[in-house]
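Colleague: I am new to this one. Please show me the model, and then I will ask how you know what you say about it.

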Amino acid sequence: MAFFDELKQKVMSGSKQVADKAKEVADTTKLKGQIATEKGKIKDAYSKLGELYYEAHKDETPETEGIAEQLAAITTSLEAIDLYEKEIEKIKEAAAELAAAREAQKQEAAAQAQEAENVVADAVDVVKDLAEAAEDKVEDAANAIKEKVEDVADIVEDKAEDTVEKMKVQKEKFCSHCGKKVSADASFCSSCGNPIA
Ligand SMILES: [Zn+2]
């Protein structure tokens with residue numbers, strides 16, 4: 001039994017050690033985080049300090065070792081930034097000009113398309129007018145032909161009537177006794193009453 005008690009004691013003390021170690025790690029991590037935060041604040045302060053110092057002394061050449069070089073490095077970088085910004089402006093302007101040119105081209109193309117559409121529409125109108133005129137002409141010609149045919153028919157009819165009349169006239173006879181005109185189918189003269197030869 002003593003053996004088990006001893007073991008239990010060992011296990012318990014072991015877990016306590018593990019727990020202590022975990023707490024130690026957690027505390028350390030937290031403290032390291034706080035240090036990092038402070039370092040960040042220092043960095044910001046150095047940056048602000050540097051900016052203020054640069055603005056106050058950029059045109060000077062301080063004697064302290066290293067400072068003149070840092071001031072020159074900042075000036076060089078600021079000039080480079082200025083150049084890059086100008087390049088960006090140029091690129092933007094060129095892009096805007098290109099976009100404007102493309103828009104103008106697009107509008108011109110649209111205007112040309114509209115013009116072409118108008119030309120086609122006009123041509124269609126002309127063709128329609130021509131077709132209508134042709135239709136009218138055909139109708140006029142048809143009417144003229146119809147009238148002519150009717151005229152010819154009238155003439156033929158008149159001629160036929162005339163011919164019939166003439167035939168009738170040719171059939172007429174004269175009395176051989178008194179010389180008066182008698183109808184072609186008469187057997188006796190209607191004037192003197194003599195038989196027709
Ligand atoms: Zn007679």
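Modeller: What follows is a set of questions on the terms used for this protein.

Modeller: This is a predicted model, where local features need pLDDT of at least 70, side-chain atom pairs count only at pLDDT 80 or more, and totals for chains, interfaces and linings use all residues. Residues are numbered from 1 along each chain as its sequence is written.

Colleague: What is the average pLDDT of the protein?

Modeller: pLDDT is the predictor's confidence in each residue, from 0 to 100. The average here is 91, and 98% of the residues score at least 70. Confidence is highest in α2, at 94, and lowest in strand β1 (residues 173–174), at a mean of 84.

Colleague: How many helices and strands are there?

Modeller: The protein has 2 helices and 2 strands. Helices (H or I, at least four residues) and strands (E, at least two) are DSSP runs, numbered from the N terminus. Along the sequence the pattern reads α-α-β-β.

Colleague: Why is the protein called more spread out than a compact globule?

Modeller: The radius of gyration is taken over C-alpha atoms, and the globule rule is 2.2 Å times the number of residues to the power 0.38. For 197 residues the rule gives 16 Å; the protein has 65 Å, well over that, so it is more spread out than a compact globule. Its C-alpha atoms fill a box of roughly 190 × 85 × 15 Å along the principal axes.

Colleague: How do you know that the span of helix α1 agrees with its number of residues?

Modeller: The expected span is 1.5 Å times one less than the number of residues. Helix α1 (residues 2–57) has 56 residues and should span 82 Å; its end C-alpha atoms are 80 Å apart, so the two agree.

Colleague: Why is Glu55 called exposed?

Modeller: A residue is buried if 20 or more other C-beta atoms lie within 10 Å of its own, exposed if 12 or fewer, and partly exposed in between, with C-beta atoms placed from the backbone. Glu55 is in helix α1. It has 8 C-beta neighbours inside 10 Å, so it counts as exposed. Of the 56 residues of α1, the number buried is 0, so the helix lies largely in the open.

Colleague: What makes Glu108 exposed?

Modeller: Glu108 lies in helix α2 (residues 67–171). Glu108 has 10 other C-beta atoms within 10 Å, so it is exposed. Its C-alpha atom is separated by 79 Å from that of Lys21, 87 residues away along the chain.

Colleague: Why does Ala197 count as exposed?

Modeller: Ala197 sits in the segment after β2 (181–182). It has 7 C-beta neighbours inside 10 Å, so it counts as exposed. Across the protein, buried residues make up 1% of the 197 residues.
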